[in-house]
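Please take the viewer in hand and follow the stops below in order, selecting as you go.

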Amino acid sequence: MRIDPKKCVACGNCVAVCPMGAIVVDPTINRAVVNTDECVECYACFRGMSMERLNPSVVRGLRKVLSYVRLRFDPEPDVCPTSAIIPDELSWPRTIRRAFSDVTATHESTGIQGRGTEEVKTNDVTNRLLLGNVGFTVELGRPGIGVRFRDVEQVTRTLAEAGVAFEEKNPVTSLMTDRASGALNPEVLDEKVMSVIVEFAVPAERTRDALRLLKRAATSISTVMAIGVSVRCDENGDTDVEEIFAAEGYESLRAKTNLGIGRRELTAQLEGQEVRA
Amino acid sequence: MTHTLHRFGHAKDLASDFIVTMMPAKGINDGDAVAKQKAFLSAAIKYKPVNLGDSTKGAQYRPVKNGSPMMHWRRDAKPSPEDVVKGVDTPTTVSAVFDNYEAVRSFVNEVKEMDLGLSVNISSIPAEAIRCCNDCDLTRHSVEYSLGFQGRTEKLPDETTLKLSSMCGHGMVSATFAKKMIEWVRSGRRSPQEASRYLARFCVCGSYNPSRAAELLGDVAHTALK
């Protein structure tokens, strides 16, 4: 992302809306500029701000006059008055920034929008997480701090050492050059993104080990990570992981519950398979 | 992704925060998902959601791309849920956000009766989802629990800012902007409702809860007076 210096009037509205704090008004040129190393190409500024198409010279003149008489216009805080925010053409490996940061970008590896997969949101249809297994989603960089792939690799290497099986249909797994060691493509290690989800599953009896492993992995990174734990419920809709959470010092105040009303469609391809997962 | 899961908060302020999402399974039941997702969103409108969204096209609060200078004085604050329904043209994740349990229960009951065949999830306090399943005669299929944040948590902003910014799980609501809105409400430059709408416009998928945001922003001003 960049800001066109010919259009920018240094109103500063875009400074606060950048989730990564990558935009600043440069006092030497009196224009907003993007720190491209910190920018994760999330498009929050370009897409989230409303745009006007005012003449930059007129706006600068007005701002100067008002400033001279110590008056200040109180504009809407989410508007770029001159449509000065311009998306850049991205090339590899920078393309990966947008893929992991812009919510509307579709991942080539998963075919869905976002940084992860369908997880248990469609488990009633896909049956990807079965009874007796526990799924983990480790979202590095969330909330709002961002992450470089160097930190992601620290975690994937720690998990790989413990012998976890990474989720096949996950964008991070597709970036691994060696799944046994958790090594990522070295070309992406310095790239910064909004967040990255590492997914894996373990047998239910290894839930405590996995939680402890993640606590250890968290000490080796320079960012934050959000932990999600997924389970398939029994026939009564119950789970027993809450006891493990409590024993390990966790309290879960938030959960995503799959209501079990999805089903497979009977197409020629799927005929003969179980209709309801 | 886990975009509604890791909302920071306390039991009290998370109790009135519900997101009901519908998602097709890619390559399995996404063939006629568009019509079903439109039906889901249309049904949700009857129960007065506080937000509605399609993760690819936008939510009921949206930025304008060719704004008039008059928007600084007369901005259209009305949500446009019908535009969200009209905009769905490809299989995606659609969501409806509610701020009260009764609306969620009634909506989920209707969705169940509609029998659309796509996966439906509720993101909420776990106990409230169990209550909803019991009331609607449904059995929970799977659950994903949030265990909060680890690592360099000292880098996170203060609690109120984090409550406001973490409502957009995709990270589109900047903590700096949330802080700015807190200050604007504290200094009387904008009402909590106006400030909450500014924040909601950045959340593309429509899972932001402007009702909870307005309450949090209002609390900030009231707490400062005590």
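Two residues are in contact here if their C-beta atoms, placed from the backbone, lie within 7 Å. This is a predicted model, in which local features need pLDDT of at least 70 and side-chain atom pairs count only at pLDDT 80 or more, while totals for chains, interfaces and linings use all residues. Residues are numbered from 1 along each chain as its sequence is written, and chains are lettered from A, with ligands numbered from 1, in the order in which they are written.

Begin by selecting chain B. Among its contacts between residues at least 6 apart in sequence, 76% join residues at least 24 apart. Chain B has nine helices and six strands, where helices (H or I, at least four residues) and strands (E, at least two) are DSSP runs numbered from the N terminus. Its C-alpha trace spans about 50 × 40 × 30 Å along the principal axes.

Next, colour chain B by burial, counting a residue as buried if 20 or more other C-beta atoms, placed from the backbone, lie within 10 Å of its own; buried residues make up 57% of the 226 residues.

Now select the contact between the chains, which takes 84 residues from chain A and 76 residues from chain B. On the side of chain A that touches chain B, strand E14 (residues 224-232) gives the most, with nine residues.

Finally, show E14 of chain A together with strand E6 (residues 142-151) of chain B: the two pair in the antiparallel sense over eight bridges, pairing being assigned if DSSP finds at least two bridges between two strands. Within this pairing, centre on Val229(A), whose bridge partner in E6(B) is Tyr145(B).

How values were computed: A residue is buried if 20 or more other C-beta atoms lie within 10 Å of its own, exposed if 12 or fewer, and partly exposed in between; C-beta atoms are placed from the backbone.
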